[in-house]
Amino acid sequence: MKRPFPILLLFLISVLTATAQEHRCYTDDIYRKAVAADPSIANVRQQLEAFTAGFVQQLEARPDSRLRRNSGGPATYIIPVVFHIIHRYGPENISDAQVLDCVRLLNEDFRKLNADTTQIVPSLISVAADCEIEFRLATIDPNGNCTNGIDRIYSNLTYLANDDAKLNPWPSNKYLNIWSVHSLENAGAAAYAYYPGTAPPGADGILSRYDYVGSIGSSTSSHRHTMTHEVGHCLNLAHVWGSTNSPGVACGDDNVSDTPETEGWTRCNLSASVCNPPLIENVQNMMEYSYCSCMFTLGQRNRMFAALNSAAGGRNQLVSPGNLIATGTQTATAPTCAPIADFYSLKQSVCAGRTVFFTDQTWNGHPTSWNWSFPGGTPITSVDSNPVVVYNTPGVYDVTLTVSNSAGSDVITRTSFINVNTASGMQTPVVIAFDSPADFPGSGGWVNDVDADGITWARFTSAGANGTNTCIKMDNYRSPAGSVDEYISPPFDISNMTGVKFRFYVANAQRNTTSADLLRILTSTNCGETWTPTSYNRSGALLATAGIVSSNFTPSNASQWRLDTINLNGLVPRTNVRLKFQNISDRGNNTFLDEFEVIGNSTNVDEVEDVTLGFGLYPNPSQGTTTVQFQLKSPGMIGLSVHDITGRQVLRSEGRLYAPDNYELPLTISGNGIYLVRLTVDGREHIRRLVVAE
């Protein structure tokens with residue numbers, strides 16, 4: 001089967017990196033937001049509290065009753081789990097081993113098998129609980145297919161994630177959904193969860209940063225109890241100081257009888273006794289922020305039992321015997337599943353003759369064989385898991401991977417995956433005005449619809465700068481917020497230039513005062529293998545040229561266009577300079593670009609007035625006929641040529657020797673547009689821009 005592959009997002013996301021002391025749980029904040037959106041949620045939680053009080057009272061009165069089922073034996077409750085890894089093939093695409101480590105730690109923490117229980121303060125040892133809850137990765141997905149309980153999804157929503165990033169939720173009354181992402185919208189948070197019955201549709205479960213999953217790989221030992229804390233919220237445990245995200249402010253209670261009243265702690269003060277001295281507070285509780293958490297209490301265990309026997313959020317269905325069979329978690333033995341083919345390469349754009357390294361990213365089942373196809377590459381096929389391929393010929397090439405194991409096979413073909421480019425660029429100065437379909441994306445240029453949503457940069461024929469009717473457009477009005485789209489220009493040769501600048505016209509409107517569509521420009525000198533940001537990084541009101549327009553924006557007059565300039569002089573003497581126009585949509589309004597122009601000076605090109613030569617064009621603009629004027633003070637070999645803005649030659653006269661004199665040569669050009677008139681005097685080029693408007 002074929003699947004589209006959006007090119008790897010290369011822009012940098014600035015995210016706060018949390019240290020151990022910076023970890024915050026966003027659960028109480030997200031609960032208040034949910035109640036604000038749907039006040040009936042508060043009633044659901046009140047009903048759950050009433051049920052919990054009655055259930056716990058019965059359990060405490062009859063501690064050996066069947067309410068606890070197999071006390072002292074196998075886990076009383078087994079919870080099926082699925083991890084959704086939302087990624088862009090970066091470090092957030094955590095390994096299966098890191099997920100398994102996280103599940104191991106959950107089971108240790110909830111069965112009081114974690115090694116740090118030896119550090120529990122003496123006064124609280126008697127209430128430290130084996131919660132008799134076990135977690136198992138699902139082996140059957142909602143469609144009845146074999147799964148290893150790890151679902152991998154490629155999406156830009158991994159960055160600054162919120163509930164929108166909770167892609168492909170499995171039924172929450174059958175699976176505990178855990179989503180792992182690169183970063184959270186709330187930069188100070190490591191994770192958050194929903195209390196039973198309080199989540200919006202499709203959002204029930206846990207959203208966590210990837211570096212707080214387990215203790216290995218991208219995570220650390222200091223983060224090993226974070227997921228345990230969040231599962232506690234899913235099973236109706238509050239923070240020990242109460243339902244706030246503000247520890248250390250005021251003494252509070254969590255409705256659990258054996259967790260002493262506390263104001264909450266962000267440091268490990270094991271002798272803490274503030275609220276009811278000399279009673280020692282449970283600083284080591286899993287629902288604390290102390291970073292020396294290592295225990296639940298018997299009262300918390302009973303409260304979680306109540307949640308697992310309540311219909312709130314379908315928690316009672318989650319642990320039912322029938323559901324364990326349906327999710328394949330009735331036993332701890334996991335079957336071998338057929339693999340789902342996937343691969344990645346850090347480079348998808350290279351110069352001819354360069355090497356590309358491919359990495360197998362197959363998931364769901366570990367493959368035992370690999371078969372690759374690399375049209376245009378050397379080798380053209382491979383059976384290695386991570387092959388190395390050289391591409392010698394410019395072109396755009398597909399890549400196919402077939403993987404197999406004892407349970408089955410899968411194939412993935414990514415069309416136009418590798419872009420192999422020539423190392424030589426267009427001679428400059430040059431103008432690209434998108435007047436012809438050949439101008440976009442142009443020879444050696446291309447477009448990346450990064451999120452594969454079908455909305456990306458396109459040629460537009462109903463508006464343009466300087467009275468023209470052509471330009472390129474990014475439709476932010478329809479594009480989903482957060483989507484990334486890139487236009488990569490053809491290459492430019494600026495090896496013989498100095499003072500090089502890139503000029504272009506831009507038009508944009510904000511949809512409202514808060515919309516902030518972003519336009520960035522990056523440069524590459526190695527055929528797009530790597531990119532360097534320029535100083536051009538504009539969004540919102542700084543990008544807008546037409547103020548606020550609530551309707552679908554199209555520039556209607558010259559005042560709605562702005563001429564912007566960036567300096568490329570630091571890239572001299574490169575022969576292969578590309579510019580990437582990267583648009584990050586905020587679902588604001590449309591952005592238009594027109595009349596790209598690379599200008600500068602060099603030893604063989606004079607694009608400023610040479611007073612001794614007197615080279616000029618008149619009239620300019622013209623209606624198709626103009627006069628080329630120049631003066632020679634000594635004999636010279638003269639050549640004349642005219643090129644359109646794509647560099648295509650439209651007129652040329654053979655060079656011949658001219659005597660010293662003043663000259664006026666007639667020049668006729670058919671077709672509206674912008675042209676470059678090149679006068680060559682003894683090998684030195686002099687260029688003037690001519691506008692033709694018939």
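Let me begin with Phe581, which counts as buried at 0% relative accessibility, where buried means under 20% relative accessible area, exposed means over 50%, and partly exposed lies in between, with a 1.4 Å probe and protein chains only. Before I go on, please keep in mind that this is a predicted model, in which local features need pLDDT of at least 70 and side-chain atom pairs count only at pLDDT 80 or more, while totals for chains, interfaces and linings use all residues. Residues are numbered from 1 along each chain as its sequence is written, and side-chain values use heavy atoms, with hydrogens and water left out.

Which residue forms an aromatic pair with Phe581? It is Tyr487, and the pair is stacked, with 6.0 Å centre to centre and 15° between the planes; rings of Phe, Tyr and Trp (its six-membered ring) pair if their centres lie within 6.5 Å, and planes under 30 degrees apart count as stacked, over 60 as edge-to-face and the rest as tilted. Tyr487 is in strand S22 and Phe581 in strand S28, so the pair ties together parts that are 94 residues apart in sequence; strands (E, at least two residues) and helices (H or I, at least four) are DSSP runs, numbered from the N terminus. Tyr487 is also buried, at 0% relative accessible area, and both rings belong to one aromatic cluster that includes Phe440 and Tyr536.

An edge-to-face example is the pair of Phe630 and Tyr658, at 6.2 Å centre to centre and 70° between the planes. Over the face of Tyr658 lies Arg656, at 4.0 Å from the ring centre, where a charge sits over a ring if NZ of Lys or CZ of Arg is within 6 Å of the ring centre and within 35 degrees of the ring normal.

Turning to the cores, the largest nonpolar core has 43 residues, and Phe135 is among those with the most contacts inside it; such a core is a set of buried Ala, Val, Leu, Ile, Met, Phe, Trp, Tyr and Cys residues joined through side-chain atoms within 4.5 Å. Apart from this core lies another, of 30 residues, including Met426 and Leu579.

Finally, Cys527 has a positive phi near 65° although it is not a glycine, and at 0% relative accessibility Cys527 counts as buried.
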